[in-house]
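Visitor: I've never looked at this one before. Could you walk me through how to read its features, one at a time?

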Amino acid sequence: MPFCELSITSNFTFLTGGSHPEEYMDRAALLGMPAIAIADENSVAGIVRAHTQAREIARWARLRRAADRDPIGPPAPRGLPAPPPSAAIRNAPRLLPAARIVLEDGFSATALPRDRAAWGRLCRMLTVGRRRAPKGSCLLHLQDLLEFGEGLELLLHPCPQALSGPPGAGAWAAQAQQLSRRFAGQVSLLMAPRYDGRDETRFARMAGLASALSLPLVASASPVMHHGARRKLTDVLTAIRTGVRIDRLGRAAQANAEQRLRAQAEMQVIFRRHPRALSEVDRIVSRLGFSLDELRYEYPSEIADGEGPAQRLARLARAGLHWRYPEGASMRVQNLLEHELTLIGKLGYEPYFLTVHDIVAFARSRGILCQGRGSAANSVVCYALGVTSVAPEIGTMVFERFVSEARDEPPDIDVDFEHERREEVIQHIYERYGRHRAGLCATVIHYRGKRAIREVGRAMGLSDDTIAMMSSQVWGWGGAGASDERLHEIGLDPTDRRLRQTLELCAQINGFPRHLSQHVGGFIITEGRLDELVPIENATMEDRTVICWDKDDIDTLGILKVDVLALGMLSCIRKAFALIQSHLGGEYNLANIPQDDQPTYDMLCNADSLGVFQVESRAQMNFLPRMRPRCFYDLVIQVAIIRPGPIQGDMVHPFIRRRNKEEEVSFPSDELGKVLGKTLGVPLFQEQAMQIAIIGAGFSPEEADRLRRSLATFKKHGNVSEFRNRFLRGMADRGYDRDFAERCFSQIEGFGSYGFPESHAASFALLVYVSAWLKCHHPGIFACALLNSQPMGFYAPAQIVRDAREHGVEVRPVSINASFWDNTMEADGKGGLALRLGFRQIKRMQEEDATWITAARGNGYQSLQDLWRRAGTPPKLITTLAEADAFGDLGLSRRDALWQARALLGDKPLPLFARDLDGEGGDEPHVSLPEMTLGEEVVEDYVSMRLTLRAHPMALIRPRLTPVPDPSAKPVPPEVPRLEPRGKVIALPLRNTG
C-alpha cells in the first residue's frame with residue numbers, strides 16, 4: 001500500500017500551517033497517496049473542507065474513469081512508444097479525520113478515531129479543553145486523554161528531553177507508559193525528520209525509546225505545507241504569530257523547504273533504515289474506518305405532551321390558519337397547506353418547523369417583534385405558524401423549489417428579531433436545549449486585502465507609512481496588491497526586492513484563515529449531544545458558545561441550522577407600535593397594517609424614504625421615482641433590483657424600459673418565459689438565476705447545486721467563474737443569444753458578491769411597507785422610534801430630526817424636567833403630538849444616570865443646585881447637561897448653566913454648608929454673561945448632541961455663498977462684450993534663490 005501521511009498541520013492551526021486543507025488533498029491525489037490525515041492543534045476546524053475537496057476529487061476521478069472507458073477518437077497506432085509517466089489523476093485520496101492533542105505541559109499526540117464512537121469522544125475531549133479556556137485556547141490534561149482516549153489511535157510526539165536522556169526516564173516517558181498501559185494496541189511513537197542533518201542519530205534514539213516503551217514506530221513527514229514553494233509564507237505566518245520581523249525569526253524560521261507533503265519514494269529514502277515505521281502506517285490506516293460521511297445529524301424530535309411532531313405541526317398549522325383568516329381561508333390556501341404538510345411529512349422536517357415555531361412563540365410571549373424569511377419561510381405553513389407575516393397569496397413561489405423531495409435539501413428559515421432583545425432569545429435556546437445540545441456556528445475570518453498588507457508588511461519590516469500607502473490602494477475585500485503604475489504614483493518602487501516579495505506574499509496569504517469568530521446567529525440544535533458531533537468552545541461574548549465549523553461546513557454535512565438574526569428596523573417598528581398604542585390607541589402588528597395604502601405608495605414614488613427600511617440609500621432614492629411602486633410586489637422587486645447581481649448583469653435598465661412600455665417584453669424561450677414572466681423577462685432574483693442555469697444552460701441538479709454552493713463561498717474562494725465556459729456553452733447549444741448568456745452569467749457572478757432571493761425580498765418588502773406606512777401617517781412617532789433604536793440605518797440623528805421637522809413634526813429640545821432617557825412623544829397643546837428629545841441624544845450621557853435623574857425629579861427641579869442636591873448628580877455630569885442646553889426651561893442659558901455648574905465643588909453637597917450659617921453666608925453677586933451667538937449655539941449643539949434645532953449650519957454662511965445684490969449698484973450694460981479666453985497660461989517653477 002502506498003504511503004499515507006498521518007500528521008498534517010494545515011492553516012487551520014492558525015498562523016502556523018502554510019497550506020489550505022484543500023491543497024493537501026489535491027497534492028495527495030497527484031502524489032498517489034490513498035489517504036491523509038489533517039491533524040490541527042486541538043482542533044478539527046479544517047477537516048470538513050478537506051472532506052469536501054476529497055468528494056470533489058472523487059467526482060473528477062469517476063468522470064476520468066468513465067472517459068477512459070469510452071475514449072474519443074481512434075486508438076493509437078501500434079508500435080508507438082509508451083506515454084511518459086503521469087500524475088495519479090485517477091487517484092481519490094481518503095480523508096482520515098484527526099487532531100493533534102497538545103496538553104498543558106506540552107505533551108502532544110496525534111489522535112485518529114477508529115470509529116464513530118471514538119470521534120464523539122475526541123470531540124468531547126476538545127470541548128472540555130476549550131470550555132476551560134478563553135476563546136482561541138485549549139486547556140487539556142493527561143487525565144482528559146486517559147478519560148476520552150478509548151478508540152483513538154494515538155501517535156505520540158517525542159519531546160527533545162525524552163530523546164536526550166536515558167530511555168524510559170523523565171516525565172514524558174512516564175506519561176507515555178501510562179497511556180500505553182491504558183490503551184494497549186492504540187499507542188505508537190511518531191518518527192518524523194527535522195531535516196537538519198542529524199535525523200539518522202535522532203531516529204536511532206527514537207528506536208531505542210520505542211523499544212524501551214514497547215511501542216511501534218510510525219513514519220511521518222509532519223508537513224506544515226503541501227509544497228516547498230510555501231516556505232516563505234510559512235515563515236511570514238510565524239513572524240505574524242510571534243510578533244517579530246521576518247529577519248529576526250532566527251531558529252523559529254524554517255531551515256529549508258523540506259517540511260512538506262512527501263510521496264512514498266521520498267519517504268522510503270528518508271526511512272530506509274526503519275522500514276517497519278513505514279509498514280506500521282499501513283496497519284494503522286487499516287484500523288481507521290471512520291469517515292465524516294458517517295456523521296448522522298439528528299434534529300430534536302420536538303415531542304410535547306406525548307404528541308408526535310407530525311400531529312403537533314398539523315394541529316398548530318390548522319389552528320393558525322383560523323387565526324390568520326378569521327372569516328375562513330380560501331380553498332387554494334387550504335389546499336396549499338395540506339400539500340405542504342404532506343411534503344414536509346415525507347421528508348421528516350416537522351421538528352425543524354416546530355423548533356422555529358417555538359422560538360418565535362417565546363419571542364412573542366416576551367413582546368419581542370420578529371419576522372421570518374428564507375426559502376421555506378414564505379409558505380402557508382410558516383404564515384399559519386406566525387413565523388412570517390407575508391401572506392402566501394402575495395408571492396408566486398412554489399414550495400417544492402425550497403423543500404424538494406427530489407433534491408432532499410434541508411429547509412432554510414431565518415428569523416429576524418429586534419436587535420436590542422435578540423440576546424434574550426439566544427439565552428432561551430441555550431436554557432431549553434442545554435449547551436451540550438445547542439451552539440452557534442463559527443465564522444472563519446480570512447485574510448483579505450488591507451489586513452494582508454498590514455500584517456505581512458509589518459512582518460517584512462516595511463514602515464508604517466509605506467504600509468498605509470499600499471493599503472490605500474485596496475478597495476473592498478478583493479485583491480491584496482496594486483499595479484506597478486499605481487505604486488509609482490504613490491511614490492514606491494515596484495522593482496524593490498522587499499516590496500515585490502511583500503506583494504507576492506500578500507497574494508499568497510489572501511484567503512488564509514486568520515481566526516474563528518461566531519456566526520451572526522446560526523444555531524445548531526441536536527437531539528443528542530452536539531459535543532459528540534463537533535467540538536464546542538467559548539465565544540468572546542459572555543455566555544455564548546460556538547462550534548468550530550462554519551455554515552458552509554455544516555451545509556456539506558447536511559446539518560440543519562436555525563438562524564436567529566438581529567434587525568434594527570424591527571426594534572424601531574415595535575417601539576413605533578407601542579407609541580401609537582400609548583398615545584393614539586389601536587394595537588398594530590406586522591400583519592394588520594392597512595394594505596395597499598395609496599398615500600404610502602405616493603410617498604415612496606416621491607423618494608421620500610429617509611429612514612424607511614431598505615429603500616433609504618441614495619441609490620434606492622434615485623430609483624424609486626423611476627420604479628414608481630404601486631403594489632406590494634413592486635416593493636419586492638424594488639428591494640431586490642438595487643443589488644450587485646442585477647446591476648452587474650445590466651438587468652436594471654432593461655427592466656425599467658419594459659415596465660415603462662418603452663421596450664417590448666420578450667422571452668428567450670417559452671421555458672424561460674415561465675421563469676422570467678413575473679419580472680418582465682429580466683432575471684432579478686437568485687432563484688431565477690439558478691433556474692436559467694438548469695433550463696437554459698442544461699445544468700444537472702448536481703451541477704446547479706455546486707453552482708449554488710460556489711455562490712455562498714465566492715468571497716472566500718472566488719470559484720464561480722469555473723462554471724463560466726460550461727454555462728455559456730450550454731446556453732449556446734440551446735440557441736440562446738451570446739449577449740443574453742453573458743449578462744445572465746454576469747448576474748450570477750454578482751450574486752456571488754451579494755444576491756437576493758425572492759423569498760428574502762418578499763419578507764423585507766413587508767418591512768419596507770410597514771416602515772413607510774409609519775413614516776407616512778405617523779412621522780413624529782416614526783422619527784421618535786428611529787432615534788430610540790440607534791445606531792442603525794444610513795442616517796444620523798441630525799438628519800432624522802431635520803426630516804421630521806420638514807414633515808411638520810414639532811421637535812422640542814432636551815429638558816431637565818421633561819426629558820427621559822428615550823425620546824418621547826408629548827401633547828403639543830394643539831391636539832397633536834410633539835417629539836421631545838431624550839437624554840440619550842447627549843454625548844457621554846449614560847442610561848443609568850438619566851434613570852436616576854428622572855426618578856428623583858418629582859414635581860421638577862427648580863435650579864441647577866436643586867438637581868445637584870436632590871439627585872446627587874456629580875458636577876461633571878451637570879456640566880455635560882449644561883453643554884447640551886438641558887436647563888433652558890429653568891430660564892438658564894447654556895452659558896449661565898455652565899457658569900453655575902463650574903461653581904459646584906464636589907460630587908455631593910456637604911450638609912453643614914447646604915444652607916447659610918447664622919446669616920453669615922451671602923449670595924454671590926450676579927454675573928452678567930454675554931449671550932452666545934446663533935453660530936456658537938449651533939456649534940455647541942453639534943458638539944454635545946450631534947444635532948441642532950436652531951438652524952442648519954449652511955444657513956449661517958448662505959449669505960456669503962449667495963450674496964444679496966446691492967440695490968444701489970449700477971447694472972451692467974447689456975452691450976458689454978463677453979470675455980473670451982485668449983492665449984495660453986504657463987506656470988513656471990519658482991527659483992530657489994536662498
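Visitor: Which helices do the buried residues of helix 24 pack against?
Guide: Helix 24 covers residues 632-641, and its buried residues pack against helix 22 (598-605), helix 23 (618-627), helix 25 (644-648), helix 26 (652-659) and helix 33 (758-777). Helices here are DSSP runs of H or I with at least four residues, strands are runs of E with at least two, and both are numbered from the N terminus. Contact means heavy atoms within 4.5 Å. Buried means under 20% relative accessible area, exposed over 50%, and partly exposed in between, with a 1.4 Å probe and protein chains only.

Visitor: Before we go on, where do these values come from?
Guide: This is a predicted model, where local features need pLDDT of at least 70, side-chain atom pairs count only at pLDDT 80 or more, and totals for chains, interfaces and linings use all residues. Residues are numbered from 1 along each chain as its sequence is written, and side-chain values use heavy atoms, with hydrogens and water left out.

Visitor: Back to helix 24, then. How many of its residues are buried?
Guide: Ten of its ten. Among them are Phe632, Leu635, Ile637 and Val639, along with Asp634 and Gln638.

Visitor: Where does glutamate 616 sit?
Guide: Look in the loop between helix 22 and helix 23. Glutamate 616 counts as buried because its relative accessibility is 9%. Leaving aside neighbours within four places in sequence, its contacts include Ser609, Met621, Phe794 and Tyr795. Its C-alpha atom is separated by 9.8 Å from that of valine 768, 152 residues apart along the chain.

Visitor: And how do I read a sheet?
Guide: Strands of a sheet pair through backbone hydrogen bonds, either parallel or antiparallel. Two strands count as paired if DSSP finds at least two bridges between them. Take strand 2 (residues 35-38) and strand 3 (residues 94-97): they run parallel and are joined by four bridges. Alanine 35 is opposite arginine 94, and alanine 37 is opposite leucine 96. Strand 1 (residues 5-8) also pairs with strand 2 in the parallel sense, over two bridges, with glutamate 5 opposite isoleucine 36.

Visitor: Which way do the side chains of strand 2 point?
Guide: Ala35 and Ala37 point one way, Ile36 and Ile38 the other, and all are buried. From strand 1 the chain crosses through helix 1 (residues 21-31) to strand 2, in a right-handed β-α-β crossover. Right-handed means that, with the strands pointing away from the viewer, the path from the first strand over the helix to the second runs clockwise. Strand 2, helix 2 (residues 47-69) and strand 3 make a right-handed unit too.

Visitor: What about the nonpolar cores?
Guide: In soluble globular proteins, nonpolar side chains tend to be buried together. A nonpolar core here is a set of buried Ala, Val, Leu, Ile, Met, Phe, Trp, Tyr and Cys residues joined through side-chain atoms within 4.5 Å. The largest has 151 residues, and those touching the most other members include Trp119, Phe353 and Trp549. Its largest share, eight residues, comes from helix 13 (residues 350-365). A second, separate core of 100 residues includes Ile656, Ala884, Phe887 and Leu949.
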